[in-house]
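Student: I have a model open on my screen and would like to understand the words used to describe it. Could we go through them together?

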Amino acid sequence: MKFLLDFFPIILFFVAYKVWGIYTATAVAIIATVLQIGYLRYKTGRVEPMQWVSLGVIVLFGGATLLAHDENFIKWKPTVLYWLMGGALLVGQLFFKKNLLKSLMGAQMQLPEAAWRTMNWSWTGFFAVMGVLNLWVAYNFDTDTWVNFKLFGGMGLMMVFVLAQAVYLSRHMKEAGGDDAALPGADAQQTQDRQP
């Protein structure tokens, strides 16, 4: 359900593009993202910071696409979003010595610090590469190819990357579980570590 909700605007954008073209699809993506955020706010009472950023980026670049009647703006939107997410991870790690992935997911899984760092850097690199790849497709192929890549290529690469991460993390979660079990008071320490 969460997976479908996350990709709801992209799927609607794709369908609208195939039926009505890029400008209608852009308007549909803006509306779908607003509805997505509204639903999350109503259902869960909170919206993640990156979801607010995503809303801002689609409204800004989608709005520019419609106002200027120039599809290049919407083609930049995925790249800007990828680079903002990767940049946030990079800045958090380098300048604030804070692993944002650990802050977001530390309550769900226990990992050694080295594994958290590796995961943070790998996501930073993935977002950087995806941003470049999006622009390469956008400016070397026609709009139809770019829209297909946005849905199938972007989602496909994301799923492959997530699966590769899961394989890597599965080893470390077992190790972390074993280490924690051997340490008295580990649960209390982990609770302290997770607090701001």
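Tutor: Gladly! Keep in mind that this is a predicted model. Let's start with a helix pair: the axes of α3 and helix α4 (residues 72-95) come within 9 Å and cross at roughly 160 degrees.

Student: What makes α3 roughly antiparallel to α4?

Tutor: Set the angle against the cut-off: roughly 160 degrees falls in the range over 145, which counts as roughly antiparallel. Therefore α3 is roughly antiparallel to α4. The crossing of α3 past α4 is right-handed.

Student: Which residues of α3 and α4 make the contact?

Tutor: On the α3 side they include Met-50, Val-53, Ile-58 and Phe-61, and on the α4 side Phe-73, Ile-74, Trp-76 and Leu-84 are among them. By type, the residues of this contact divide into 14 nonpolar, 3 polar and 1 charged.

Student: Which residues have the most contacts inside the largest nonpolar core?

Tutor: They are Phe-13, Ile-22, Ile-58, Ile-74, Trp-146 and Val-147, in a core of 22 residues. Two or more residues each come from α1 (2-20), α2 (22-44), α3 (49-68), α6 (113-140) and α7 (143-182), and α2 gives the largest share, 6 residues.

Student: How do you know that Val-147 is in contact with Phe-13?

Tutor: Contact requires heavy atoms within 4.5 Å, and Val-147 is in contact with Phe-13, as well as with Phe-14, Tyr-17 and Ile-22, leaving aside its neighbours within four places in sequence.

Student: How many residues does the second core have?

Tutor: This separate core has 14 residues, including Leu-101, Met-109, Trp-123 and Phe-127.

Conventions. Residues are numbered from 1 along each chain as its sequence is written. This is a predicted model: local features need pLDDT of at least 70, side-chain atom pairs count only at pLDDT 80 or more; totals for chains, interfaces and linings use all residues. Side-chain values use heavy atoms; hydrogens and water are left out. A nonpolar core is a set of buried Ala, Val, Leu, Ile, Met, Phe, Trp, Tyr and Cys residues joined through side-chain atoms within 4.5 Å. Buried means under 20% relative accessible area, exposed over 50%, partly exposed in between (1.4 Å probe, protein chains only). Helices (H or I, at least four residues) and strands (E, at least two) are DSSP runs, numbered from the N terminus. Axes are lines fitted to C-alpha atoms, for helices over the stretch in contact, and angles run from 0 to 180 degrees between N-to-C directions. Angles under 35 degrees count as roughly parallel, over 145 as roughly antiparallel, 65 to 115 as roughly perpendicular and the rest as oblique. A crossing is left-handed if the near helix is turned anticlockwise from the far one by less than a right angle, and right-handed if clockwise. Ala, Val, Leu, Ile, Met, Phe, Trp, Tyr, Cys and Pro count as nonpolar, Asp, Glu, Lys and Arg as charged, and the others, Gly among them, as polar.
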